[in-house]
Amino acid sequence: MQEIIFIDGGSLPTPKGFTREWVKAAAESRTEDQKLFSLVSDAFQRKIDAGVHVPTYPQFRDMIGQFLDIIRDEKNCYEPYVLKEENAKILELEIIDEVAKQYRERTGKTLEVRVCVAGPTDLYLQAFGATAFSDAYHIMALNIENFIKQAFKAAKNFKIKVIALDEPSLGMNDKIQFSDLDIVSALTLASTYARKQGADVEIHLHSPLKYKLICETPINVMGFEYAATPSYIDLMDKKILEDSNTYIRLGVSRTDISSLIGMVNETYGVNAWKEKEYMQKIVTELETPDIIQKRLEKACSILGDRIKYASPDCGLAFWPDQELAFRLLENTAKGINAFNAEMKDL
């Protein structure tokens, strides 16, 4: 069995003294680049130091908003919502390129990176609501393709290993009115360029209910939240994955922070939001390397070599602080590495 590759969801809490609102304003105004670049660079390096094999650029902005704001700005477009490719840039990739350059100078290796973009479905829902306009959906998919094309141009000192389409609404939002054919068409358009560049294309789902539909597209990796909801794996048919040559990105550590803190509160009779020292119980008792390794072992007993990547269930933007978030990444790395070592011995 191939080694499981550790990737992360992307988002993190902002460090003390900064807010997501500040990051958004700084990214748009470009008047505080020194602070902004340092914030993103430091977080990216910490992901590498935590043991993430293929780190995602740090996301401190709203996942959909950072793309939709560019698309909605008329000066970036040929006509409303039709984005010019040269304006479809992800600022964070410019920032992490310098970190990747230093990494290569230090190690002699090229850093592999995961680039996350909003999926066309979630982008459309935010922009237009539930009413289905297939032509606008198609345009959103084209816009995402442009962001992906520009991402590859930005990768001067790193290699894009994974392009991830963030589509949590698929399988979760019953207001989606598009036909399966429309969804397959949009996802195919958004993913084809990256696949031609040799990258894996992941779709980040919360629930795998629509997994058979995904298997009809060029997307070759599906990610879902297994750690919090182990029963999701029962929806998967290994043969369907094999026949379509589709792999799994498995969530092996929980990120539902409110539920985790609720478990700590119930166990110890405290309010961990106020008695913050108890929050450490999340990474010392609930989400430990041993528990994470055992989750991966159980899932692999079902899906075997269809599991290619493992990660936390979702992003960590709304965790209480960066230190706790990085502890979870470290525990996840240890659990995955222990699993890989065990498989190698076998």
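User: Let's begin with the largest pocket. How much space lies in it?

Analyst: Keep in mind that this is a predicted model. A pocket can be described by its space and its lining. Here the largest pocket holds about 730 Å³ of space. Its lining has 29 residues, and nearest the centre lie Ala27, Arg61, Ile70, Lys89 and Leu91.

User: Which helices each supply at least two residues of that lining?

Analyst: They are helix 1 (20–29), helix 3 (65–72), helix 4 (91–107) and helix 6 (134–154). Sorted by class, the lining comes out as 13 charged, eleven nonpolar and five polar residues.

User: And what volume does the second largest pocket have?

Analyst: That one comes to about 530 Å³. It is lined by 28 residues, with Ser11, Cys314, Gly315, Ala317 and Phe318 closest to its centre. Its lining splits into eleven nonpolar, nine polar and eight charged residues.

User: Now the cores. Which residues have the most contacts inside the largest nonpolar core?

Analyst: A nonpolar core is a set of buried residues joined through their side chains. The largest one here has 112 residues, and Val115, Met222 and Leu296 have the most contacts inside it. Helix 6 gives this core its largest share, nine residues.

User: What does Met222 touch?

Analyst: Leaving out residues up to four places away in sequence, its partners include Ile203, Leu205, Tyr211, Met236, Leu241 and Arg249.

User: Which residues belong to the other core?

Analyst: That core lies apart from the largest one and has seven residues, including Ile5, Ile7, Val54 and Tyr309.

Terms used: Residues are numbered from 1 along each chain as its sequence is written. This is a predicted model: local features need pLDDT of at least 70, side-chain atom pairs count only at pLDDT 80 or more; totals for chains, interfaces and linings use all residues. Side-chain values use heavy atoms; hydrogens and water are left out. On a 1 Å grid over the protein atoms alone, a cavity is a set of points where a 1.4 Å probe fits but cannot get out, and a pocket is an open set with protein on both sides within 12 Å along at least five of seven lines; lining residues have an atom within 4 Å of a point. Grid points are joined across faces, edges and corners, and a volume is the space filled by probe spheres set on the points. Helices (H or I, at least four residues) and strands (E, at least two) are DSSP runs, numbered from the N terminus. Ala, Val, Leu, Ile, Met, Phe, Trp, Tyr, Cys and Pro count as nonpolar, Asp, Glu, Lys and Arg as charged, and the others, Gly among them, as polar. A nonpolar core is a set of buried Ala, Val, Leu, Ile, Met, Phe, Trp, Tyr and Cys residues joined through side-chain atoms within 4.5 Å. Buried means under 20% relative accessible area, exposed over 50%, partly exposed in between (1.4 Å probe, protein chains only). Contact means heavy atoms within 4.5 Å.
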